[in-house]
Amino acid sequence: MVLRLRNVEKHYAVADQRIPALKGVTLELGRGEWLALVGRSGCGKTTLLNLAGAADLPTSGHVEIEGVRTTSLDDDALTELRRRRIGFVFQFLQLLPTLTAVENVELPLQLAGVRKPRARAVEMLEMVGIAELADRHPHQLSGGEMQRVAIARALVHEPSLLLADEPTGSLDDEAAESVIDLLLDMKKRLGTSILMATHSPEAAAASDRRLFLRDGKLAAEGSPGGT
Ligand SMILES: Nc1ncnc2c1ncn2[C@@H]1O[C@H](COP(=O)(O)OP(=O)(O)OP(=O)(O)O)[C@@H](O)[C@H]1O
Ligand SMILES: [Mg+2]
């Protein structure tokens with residue numbers, strides 16, 4: 001199992017208020033599996049992805065990434081875990097504007113201490129079909145092209161788990177479809193497990209399994225669990 005959540009609760013504190021964002025979530029994600037997380041705005045999808053990527057820790061319950069409990073690690077070990085095991089793709093682009101496409105893709109390799117990361121980054125851009133755009137800066141790319149760079153960057157260090165938060169949310173239908181095809185292709189080639197939050201029925205349909213989150217709880221699989 002690449003990812004396991006057991007009875008996960010997450011509360012946020014704002015002033016003297018406690019906001020329960022997740023209320024006892026249990027789920028498992030197998031190797032090479034693509035799981036779509038669907039549900040209304042505010043139901044807890046991003047919160048769940050942050051916990052699954054060890055970017056945040058649960059208030060109670062356990063999150064295990066490749067068998068390691070995130071709450072058992074110190075900050076350095078958490079950073080290390082994120083750098084080696086996790087790739088993130090977000091809805092709104094997060095490329096560094098001062099770096100070219102290929103330099104953006106090189107970053108995770110540099111952080112992981114890989115020497116001469118350029119060749120590997122170029123190979124990854126080839127894999128996502130935009131090697132010819134390697135030297136452009138983000139503002140010289142379309143939204144769909146930027147999302148391809150973001151996916152290349154999220155996968156270049158061959159993480160076991162790709163977390164994608166609305167990866168097609170800012171794209172038109174055609175670009176969204178091509179990003180979904182790309183994710184399917186990458187999953188096949190690299191065997192990456194994917195946990196994706198999405199509002200898009202097309203993106204959800206491309207996944208192996210769908211989970212419906214409603215008000216911080218999982219509803220029965222295969223049903224939207226009301227509105
Ligand atoms: N940092 C935070 N501090 C306080 N409350 C937060 C924080 N982040 C999220 N929340 C609250 O937690 C709940 C879940 O938010 P979350 O961002 O996980 O929802 P979501 O399902 O990703 O929504 P969307 O589809 O709009 O992205 C919401 O009620 C939100 O207001
Ligand atoms: Mg969200």
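Predicted model: local features only at pLDDT ≥ 70, side-chain atom pairs only at ≥ 80, totals over all residues.
Local features need pLDDT of at least 70 and side-chain atom pairs count only at pLDDT 80 or more, while totals for chains, interfaces and linings use all residues. Residues are numbered from 1 along each chain as its sequence is written, and chains are lettered from A and ligands numbered from 1 in the order in which they are written.

Helices (H or I, at least four residues) and strands (E, at least two) are DSSP runs, numbered from the N terminus. Two strands pair if DSSP finds at least two bridges between them. An open sheet holds 4 strands in the order S2-S1-S4-S5, with antiparallel pairing. Strands S2 (17–29) and S5 (68–69) each have a single partner strand, so one side of each lacks a neighbour in the sheet. Strand S1 (residues 3–14) joins strand S4 (residues 60–65) over 5 bridges. Leu3 has Ile65 in S4 as its bridge partner.

Strand S9 (residues 209–214) runs parallel to strand S3 (residues 34–38), with 4 bridges between them. Here Arg209 in S9 lies opposite Leu35. S9 also pairs antiparallel with strand S10 (residues 217–218), through 2 bridges. Arg214 faces Lys217 in S10. S9 and S10 form a hairpin with 2 residues between them. In the turn, Asp215 has a positive phi of about 50°.

The shell around ligand 1 (C-beta atom, placed from the backbone, within 6 Å) includes Tyr12, Ile19, Lys45 and Thr46. S1, S2 and helix H1 (45–52) each give two or more residues. H1 supplies the largest share, 3 residues. The shell divides into 5 nonpolar, 5 polar and 1 charged residues (Ala, Val, Leu, Ile, Met, Phe, Trp, Tyr, Cys and Pro count as nonpolar, Asp, Glu, Lys and Arg as charged, and the others, Gly among them, as polar).
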